[in-house]
Amino acid sequence: MNTPGETPSGRRAAVVYNPIKVDVDKLRASVAAAESAAGWAGTVWLSTTETDAGQRATRTAIEQGASVVLAAGGDGTVRAVAEALRDTGVALAIVPSGTGNLLARNLQLPLASLDAAVEIAFGGVDRAIDLGVAVLTDTDGEKAEHVFLVMAGLGLDAQMIANTSADLKKQVGWLAYVDAGMRVLPKSKPFRIRYSLEGRTDRPAHVSTILVANCGVLPGNIQFLPDAQVDDGILDIAVLQPKGVLGWLTIWRRVTWENGVLRRSAVGRRIIAQSESNNERVMTTLRGSRIRIVLEHPQEFEIDGDEFGPVRAVSLRADPGALTVRMPAPASPSA
(Lines give C-alpha, C1' and ligand atoms only; values in the text may rest on other atoms or scores of the structure.)
Protein backbone atom coordinates (compact mmCIF):
# COMPACT_ATOMS: atom_id res chain seq x y z
CA MET A 1 0.00 0.00 0.00
CA ASN A 2 1.04 3.61 -0.45
CA THR A 3 2.46 5.34 2.61
CA PRO A 4 2.46 9.12 3.16
CA GLY A 5 5.06 10.82 0.99
CA GLU A 6 5.79 7.72 -1.05
CA THR A 7 6.14 8.25 -4.80
CA PRO A 8 4.29 5.47 -6.61
CA SER A 9 6.09 6.06 -9.96
CA GLY A 10 7.46 2.79 -11.31
CA ARG A 11 4.76 0.66 -9.76
CA ARG A 12 2.83 -1.51 -12.15
CA ALA A 13 -0.63 -3.04 -12.05
CA ALA A 14 -1.97 -5.95 -14.05
CA VAL A 15 -5.53 -6.67 -15.12
CA VAL A 16 -6.73 -10.27 -15.45
CA TYR A 17 -10.10 -10.01 -17.15
CA ASN A 18 -12.82 -12.29 -18.44
CA PRO A 19 -13.69 -10.88 -21.90
CA ILE A 20 -17.17 -12.42 -21.74
CA LYS A 21 -18.05 -10.74 -18.43
CA VAL A 22 -16.62 -7.23 -18.81
CA ASP A 23 -16.80 -4.27 -21.18
CA VAL A 24 -13.10 -4.20 -22.02
CA ASP A 25 -13.13 -0.72 -23.62
CA LYS A 26 -14.71 0.87 -20.55
CA LEU A 27 -12.35 -1.04 -18.28
CA ARG A 28 -9.29 0.09 -20.26
CA ALA A 29 -10.43 3.73 -20.11
CA SER A 30 -11.00 3.57 -16.35
CA VAL A 31 -7.65 1.89 -15.69
CA ALA A 32 -5.80 4.37 -17.92
CA ALA A 33 -7.24 7.31 -15.98
CA ALA A 34 -6.43 5.84 -12.57
CA GLU A 35 -2.99 4.70 -13.69
CA SER A 36 -2.14 8.17 -14.97
CA ALA A 37 -3.42 9.89 -11.83
CA ALA A 38 -1.34 7.58 -9.63
CA GLY A 39 1.79 7.94 -11.76
CA TRP A 40 2.19 4.21 -12.23
CA ALA A 41 3.92 2.41 -15.10
CA GLY A 42 1.86 0.92 -17.94
CA THR A 43 -0.61 -1.74 -16.85
CA VAL A 44 -0.22 -5.35 -18.01
CA TRP A 45 -3.37 -6.76 -19.65
CA LEU A 46 -4.06 -10.50 -19.58
CA SER A 47 -7.25 -12.26 -20.68
CA THR A 48 -8.70 -15.44 -19.27
CA THR A 49 -9.30 -18.23 -21.78
CA GLU A 50 -11.23 -21.48 -22.01
CA THR A 51 -8.16 -23.30 -20.71
CA ASP A 52 -7.09 -20.71 -18.10
CA ALA A 53 -9.62 -19.30 -15.64
CA GLY A 54 -6.98 -16.82 -14.49
CA GLN A 55 -4.35 -18.73 -12.55
CA ARG A 56 -1.78 -18.83 -15.36
CA ALA A 57 -2.46 -15.23 -16.35
CA THR A 58 -1.95 -14.12 -12.74
CA ARG A 59 1.36 -15.94 -12.49
CA THR A 60 2.45 -14.13 -15.65
CA ALA A 61 1.43 -10.81 -14.07
CA ILE A 62 3.55 -11.56 -11.01
CA GLU A 63 6.53 -12.46 -13.22
CA GLN A 64 6.15 -9.10 -14.97
CA GLY A 65 6.41 -7.23 -11.68
CA ALA A 66 2.80 -6.39 -10.86
CA SER A 67 2.29 -5.15 -7.31
CA VAL A 68 -1.49 -5.40 -7.62
CA VAL A 69 -3.65 -7.60 -9.86
CA LEU A 70 -7.13 -6.42 -10.79
CA ALA A 71 -9.51 -9.37 -11.20
CA ALA A 72 -12.22 -8.23 -13.60
CA GLY A 73 -14.96 -10.80 -14.01
CA GLY A 74 -17.29 -13.01 -12.05
CA ASP A 75 -16.63 -15.02 -8.91
CA GLY A 76 -14.78 -17.70 -10.89
CA THR A 77 -12.25 -15.18 -12.19
CA VAL A 78 -11.75 -13.64 -8.75
CA ARG A 79 -11.21 -17.08 -7.20
CA ALA A 80 -8.72 -18.10 -9.89
CA VAL A 81 -6.69 -14.92 -9.45
CA ALA A 82 -6.76 -15.31 -5.66
CA GLU A 83 -5.56 -18.89 -5.96
CA ALA A 84 -2.46 -17.75 -7.87
CA LEU A 85 -1.86 -14.81 -5.49
CA ARG A 86 -1.95 -17.01 -2.39
CA ASP A 87 1.00 -16.29 -0.08
CA THR A 88 2.70 -13.99 -2.64
CA GLY A 89 2.00 -10.68 -0.90
CA VAL A 90 0.83 -9.25 -4.23
CA ALA A 91 -2.52 -7.55 -3.70
CA LEU A 92 -5.81 -8.57 -5.27
CA ALA A 93 -8.12 -5.75 -6.40
CA ILE A 94 -11.67 -6.81 -7.27
CA VAL A 95 -13.53 -5.26 -10.21
CA PRO A 96 -16.92 -6.93 -9.73
CA SER A 97 -18.97 -8.31 -12.61
CA GLY A 98 -21.53 -11.06 -13.07
CA THR A 99 -24.30 -12.00 -10.64
CA GLY A 100 -22.66 -13.07 -7.39
CA ASN A 101 -19.66 -10.89 -6.51
CA LEU A 102 -19.52 -12.81 -3.26
CA LEU A 103 -16.17 -11.70 -1.85
CA ALA A 104 -16.80 -8.09 -2.88
CA ARG A 105 -20.12 -8.19 -1.00
CA ASN A 106 -18.54 -9.64 2.11
CA LEU A 107 -15.78 -7.01 2.06
CA GLN A 108 -18.32 -4.26 1.30
CA LEU A 109 -16.48 -3.19 -1.82
CA PRO A 110 -18.25 -1.10 -4.47
CA LEU A 111 -20.40 -3.22 -6.79
CA ALA A 112 -22.02 -0.66 -9.06
CA SER A 113 -19.15 1.71 -9.95
CA LEU A 114 -16.36 0.57 -12.25
CA ASP A 115 -14.34 3.72 -11.62
CA ALA A 116 -14.62 3.37 -7.83
CA ALA A 117 -13.38 -0.23 -7.97
CA VAL A 118 -10.45 0.71 -10.20
CA GLU A 119 -9.51 3.71 -8.05
CA ILE A 120 -9.20 1.40 -5.04
CA ALA A 121 -6.71 -0.73 -6.97
CA PHE A 122 -4.36 2.23 -7.51
CA GLY A 123 -5.01 4.21 -4.32
CA GLY A 124 -6.25 1.80 -1.68
CA VAL A 125 -4.66 0.06 1.27
CA ASP A 126 -3.85 -3.60 1.76
CA ARG A 127 -5.62 -6.02 4.10
CA ALA A 128 -4.66 -9.63 4.78
CA ILE A 129 -7.59 -12.06 4.79
CA ASP A 130 -7.94 -15.82 5.10
CA LEU A 131 -8.41 -18.29 2.29
CA GLY A 132 -10.30 -21.54 2.56
CA VAL A 133 -8.52 -24.59 1.17
CA ALA A 134 -10.39 -27.69 0.03
CA VAL A 135 -8.73 -31.00 -0.85
CA LEU A 136 -11.19 -33.08 -2.86
CA THR A 137 -11.15 -36.84 -3.37
CA ASP A 138 -13.15 -37.68 -6.48
CA THR A 139 -14.93 -40.90 -7.39
CA ASP A 140 -11.70 -42.33 -8.85
CA GLY A 141 -9.76 -41.63 -5.66
CA GLU A 142 -7.81 -38.76 -7.24
CA LYS A 143 -7.06 -35.76 -5.01
CA ALA A 144 -7.08 -32.09 -6.04
CA GLU A 145 -6.59 -28.90 -4.00
CA HIS A 146 -8.56 -25.70 -4.58
CA VAL A 147 -9.02 -22.47 -2.65
CA PHE A 148 -12.32 -20.83 -1.79
CA LEU A 149 -12.98 -17.24 -0.86
CA VAL A 150 -16.48 -17.37 0.55
CA MET A 151 -18.12 -20.77 0.82
CA ALA A 152 -17.91 -24.42 -0.24
CA GLY A 153 -20.95 -26.67 -0.28
CA LEU A 154 -21.72 -30.37 -0.32
CA GLY A 155 -25.03 -32.00 -1.22
CA LEU A 156 -28.21 -30.08 -2.06
CA ASP A 157 -26.41 -26.74 -2.32
CA ALA A 158 -24.05 -28.12 -4.96
CA GLN A 159 -26.91 -29.89 -6.76
CA MET A 160 -28.71 -26.55 -7.08
CA ILE A 161 -25.66 -24.94 -8.65
CA ALA A 162 -25.16 -27.86 -11.02
CA ASN A 163 -28.79 -27.51 -12.17
CA THR A 164 -28.89 -23.72 -12.53
CA SER A 165 -29.75 -22.54 -16.03
CA ALA A 166 -26.97 -20.35 -17.44
CA ASP A 167 -29.46 -18.47 -19.63
CA LEU A 168 -31.80 -17.80 -16.71
CA LYS A 169 -28.86 -16.67 -14.59
CA LYS A 170 -28.04 -14.03 -17.22
CA GLN A 171 -31.64 -12.81 -17.14
CA VAL A 172 -32.44 -12.74 -13.42
CA GLY A 173 -29.07 -13.12 -11.67
CA TRP A 174 -28.86 -15.02 -8.39
CA LEU A 175 -32.63 -15.70 -8.42
CA ALA A 176 -31.86 -18.43 -10.97
CA TYR A 177 -30.59 -20.50 -8.03
CA VAL A 178 -34.09 -20.36 -6.52
CA ASP A 179 -35.49 -21.86 -9.70
CA ALA A 180 -32.89 -24.63 -9.54
CA GLY A 181 -33.71 -25.26 -5.89
CA MET A 182 -37.41 -25.71 -6.64
CA ARG A 183 -36.52 -28.33 -9.24
CA VAL A 184 -33.88 -30.15 -7.17
CA LEU A 185 -35.54 -30.14 -3.74
CA PRO A 186 -38.33 -32.67 -4.47
CA LYS A 187 -35.76 -35.23 -5.68
CA SER A 188 -33.14 -34.57 -3.03
CA LYS A 189 -32.51 -37.17 -0.34
CA PRO A 190 -30.45 -36.88 2.86
CA PHE A 191 -27.13 -38.72 2.87
CA ARG A 192 -24.83 -40.19 5.49
CA ILE A 193 -21.42 -38.81 6.35
CA ARG A 194 -18.69 -39.03 8.95
CA TYR A 195 -16.97 -35.80 9.89
CA SER A 196 -14.04 -34.85 12.08
CA LEU A 197 -13.59 -31.30 13.37
CA GLU A 198 -10.06 -30.24 14.37
CA GLY A 199 -8.84 -33.83 14.01
CA ARG A 200 -11.11 -35.16 16.75
CA THR A 201 -12.93 -38.51 16.66
CA ASP A 202 -15.23 -39.01 13.68
CA ARG A 203 -18.92 -38.31 14.22
CA PRO A 204 -21.75 -39.66 12.05
CA ALA A 205 -24.51 -37.47 10.62
CA HIS A 206 -27.47 -37.73 8.26
CA VAL A 207 -27.62 -34.46 6.31
CA SER A 208 -29.08 -32.68 3.29
CA THR A 209 -26.22 -30.26 2.77
CA ILE A 210 -23.11 -28.91 4.48
CA LEU A 211 -21.79 -25.40 3.91
CA VAL A 212 -18.26 -24.46 4.98
CA ALA A 213 -17.70 -20.70 5.04
CA ASN A 214 -14.75 -18.36 5.10
CA CYS A 215 -17.28 -15.51 5.31
CA GLY A 216 -21.03 -15.58 5.58
CA VAL A 217 -22.94 -13.23 3.21
CA LEU A 218 -24.75 -14.80 0.24
CA PRO A 219 -26.26 -13.17 -2.88
CA GLY A 220 -29.12 -10.88 -2.01
CA ASN A 221 -27.08 -9.81 1.06
CA ILE A 222 -28.48 -12.78 2.98
CA GLN A 223 -26.62 -13.15 6.29
CA PHE A 224 -26.32 -16.93 6.22
CA LEU A 225 -23.56 -17.28 8.82
CA PRO A 226 -23.38 -13.85 10.47
CA ASP A 227 -20.57 -14.77 12.89
CA ALA A 228 -18.20 -15.73 10.08
CA GLN A 229 -15.21 -13.39 9.78
CA VAL A 230 -12.87 -13.29 6.82
CA ASP A 231 -9.74 -12.83 8.92
CA ASP A 232 -10.22 -14.94 12.08
CA GLY A 233 -8.45 -18.13 10.92
CA ILE A 234 -11.67 -20.07 11.48
CA LEU A 235 -14.18 -21.81 9.20
CA ASP A 236 -17.87 -21.51 10.04
CA ILE A 237 -19.82 -24.66 9.19
CA ALA A 238 -23.56 -25.15 8.72
CA VAL A 239 -24.91 -28.71 8.83
CA LEU A 240 -28.45 -28.70 7.46
CA GLN A 241 -30.73 -31.56 8.54
CA PRO A 242 -34.30 -30.46 7.74
CA LYS A 243 -37.21 -32.88 7.75
CA GLY A 244 -39.57 -32.00 4.93
CA VAL A 245 -40.81 -28.62 3.78
CA LEU A 246 -41.39 -27.40 7.35
CA GLY A 247 -37.73 -27.98 8.15
CA TRP A 248 -36.61 -25.90 5.16
CA LEU A 249 -39.02 -23.13 6.15
CA THR A 250 -37.50 -23.14 9.64
CA ILE A 251 -34.03 -22.70 8.12
CA TRP A 252 -35.30 -19.91 5.85
CA ARG A 253 -36.84 -18.17 8.86
CA ARG A 254 -33.60 -18.40 10.77
CA VAL A 255 -31.52 -17.01 7.92
CA THR A 256 -33.82 -14.18 6.83
CA TRP A 257 -35.60 -13.19 10.05
CA GLU A 258 -33.23 -14.07 12.87
CA ASN A 259 -29.91 -13.38 11.13
CA GLY A 260 -31.20 -10.46 9.10
CA VAL A 261 -33.47 -8.71 11.61
CA LEU A 262 -33.44 -9.99 15.20
CA ARG A 263 -29.66 -10.17 15.52
CA ARG A 264 -29.42 -6.41 15.11
CA SER A 265 -30.86 -5.66 18.58
CA ALA A 266 -30.22 -6.88 22.13
CA VAL A 267 -33.85 -7.94 22.52
CA GLY A 268 -33.70 -9.84 19.24
CA ARG A 269 -30.55 -11.65 20.30
CA ARG A 270 -32.26 -12.79 23.49
CA ILE A 271 -35.15 -14.16 21.44
CA ILE A 272 -32.66 -16.06 19.26
CA ALA A 273 -30.96 -17.54 22.33
CA GLN A 274 -34.30 -18.73 23.74
CA SER A 275 -35.27 -20.48 20.48
CA GLU A 276 -31.84 -21.90 19.67
CA SER A 277 -32.60 -25.47 20.76
CA ASN A 278 -35.40 -25.79 18.19
CA ASN A 279 -33.25 -24.31 15.42
CA GLU A 280 -30.40 -26.67 16.12
CA ARG A 281 -32.51 -29.67 15.14
CA VAL A 282 -32.55 -28.50 11.53
CA MET A 283 -29.38 -26.39 11.27
CA THR A 284 -26.32 -27.08 13.38
CA THR A 285 -23.46 -24.59 13.30
CA LEU A 286 -19.86 -25.54 14.03
CA ARG A 287 -16.59 -23.60 14.07
CA GLY A 288 -13.03 -24.78 13.59
CA SER A 289 -9.87 -24.29 11.57
CA ARG A 290 -10.28 -27.62 9.73
CA ILE A 291 -12.85 -30.30 9.02
CA ARG A 292 -12.73 -33.61 7.16
CA ILE A 293 -15.88 -35.16 5.68
CA VAL A 294 -16.17 -38.72 4.34
CA LEU A 295 -19.32 -39.70 2.47
CA GLU A 296 -21.11 -43.01 2.38
CA HIS A 297 -21.94 -42.31 -1.28
CA PRO A 298 -20.45 -39.61 -3.56
CA GLN A 299 -22.18 -36.22 -3.54
CA GLU A 300 -21.91 -33.06 -5.63
CA PHE A 301 -19.49 -30.39 -4.41
CA GLU A 302 -19.28 -26.67 -5.17
CA ILE A 303 -16.84 -23.87 -4.44
CA ASP A 304 -17.92 -20.21 -4.56
CA GLY A 305 -20.76 -21.04 -6.93
CA ASP A 306 -18.76 -23.25 -9.32
CA GLU A 307 -19.53 -26.96 -9.55
CA PHE A 308 -16.71 -29.47 -9.06
CA GLY A 309 -18.62 -32.72 -9.55
CA PRO A 310 -19.16 -35.58 -7.11
CA VAL A 311 -16.65 -36.29 -4.32
CA ARG A 312 -16.10 -39.21 -1.96
CA ALA A 313 -14.33 -37.15 0.70
CA VAL A 314 -13.21 -33.58 1.28
CA SER A 315 -10.84 -31.93 3.75
CA LEU A 316 -11.25 -28.21 4.32
CA ARG A 317 -9.07 -25.84 6.30
CA ALA A 318 -8.49 -22.13 6.83
CA ASP A 319 -5.24 -20.60 5.57
CA PRO A 320 -4.93 -17.51 7.81
CA GLY A 321 -3.82 -14.27 6.17
CA ALA A 322 -2.92 -16.02 2.91
CA LEU A 323 -4.43 -13.40 0.59
CA THR A 324 -3.75 -9.67 0.40
CA VAL A 325 -6.75 -7.63 -0.78
CA ARG A 326 -6.75 -3.99 -1.83
CA MET A 327 -9.35 -2.05 0.17
CA PRO A 328 -10.56 1.58 0.14
CA ALA A 329 -8.18 3.99 1.86
CA PRO A 330 -9.54 5.51 5.10
CA ALA A 331 -11.20 8.87 4.63
CA SER A 332 -8.89 11.78 5.41
CA PRO A 333 -9.77 13.60 8.64
CA SER A 334 -11.47 16.92 8.01
CA ALA A 335 -9.37 19.97 8.51
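**Side-chain contacts**

Author: Glu198 counts as partly exposed because its relative accessibility is 26%; buried means under 20% relative accessible area, exposed over 50%, and partly exposed in between (1.4 Å probe, protein chains only). This is a predicted model, in which local features need pLDDT of at least 70 and side-chain atom pairs count only at pLDDT 80 or more, while totals for chains, interfaces and linings use all residues. Residues are numbered from 1 along each chain as its sequence is written, and side-chain values use heavy atoms, with hydrogens and water left out.

Reader: With which residue does Glu198 form a salt bridge?
Author: Glu198 forms one with Arg290, and the closest N and O atoms are 3.9 Å apart. The pair joins distant parts of the chain, 92 residues apart: Glu198 lies in the loop between strand S8 (191-197) and strand S9 (203-207), and Arg290 in strand S15 (residues 290-303). A salt bridge here is a side-chain nitrogen of Lys or Arg within 4 Å of a carboxyl oxygen of Asp or Glu. Helices (H or I, at least four residues) and strands (E, at least two) are DSSP runs, numbered from the N terminus.

Reader: How many salt bridges are found in the whole structure?
Author: The search finds eleven. One of them pairs Asp231 with Arg127 at 3.1 Å, N to O. These two are 104 residues apart, with Asp231 in the loop between strand S12 (222-223) and strand S13 (235-240) and Arg127 in strand S5 (residues 125-138).

Reader: Which residues are linked in a network of salt bridges?
Author: The network links Arg86, Asp87, Glu145, Arg317 and Asp319. Within it, Arg86 and Asp87 have their closest N and O atoms 3.9 Å apart. Asp87 counts as exposed because its relative accessibility is 57%.

Reader: Changing topic: how many aromatic pairs are found?
Author: Two. The rings of Tyr17 and Trp45 have centres 5.9 Å apart and planes at 65°, so this pair is edge-to-face. Ring centres of Phe, Tyr and Trp (its six-membered ring) must lie within 6.5 Å; planes under 30 degrees apart count as stacked, over 60 as edge-to-face and the rest as tilted.

Reader: What about Trp40 and Phe122, buried or exposed?
Author: Both Trp40 and Phe122 are buried.
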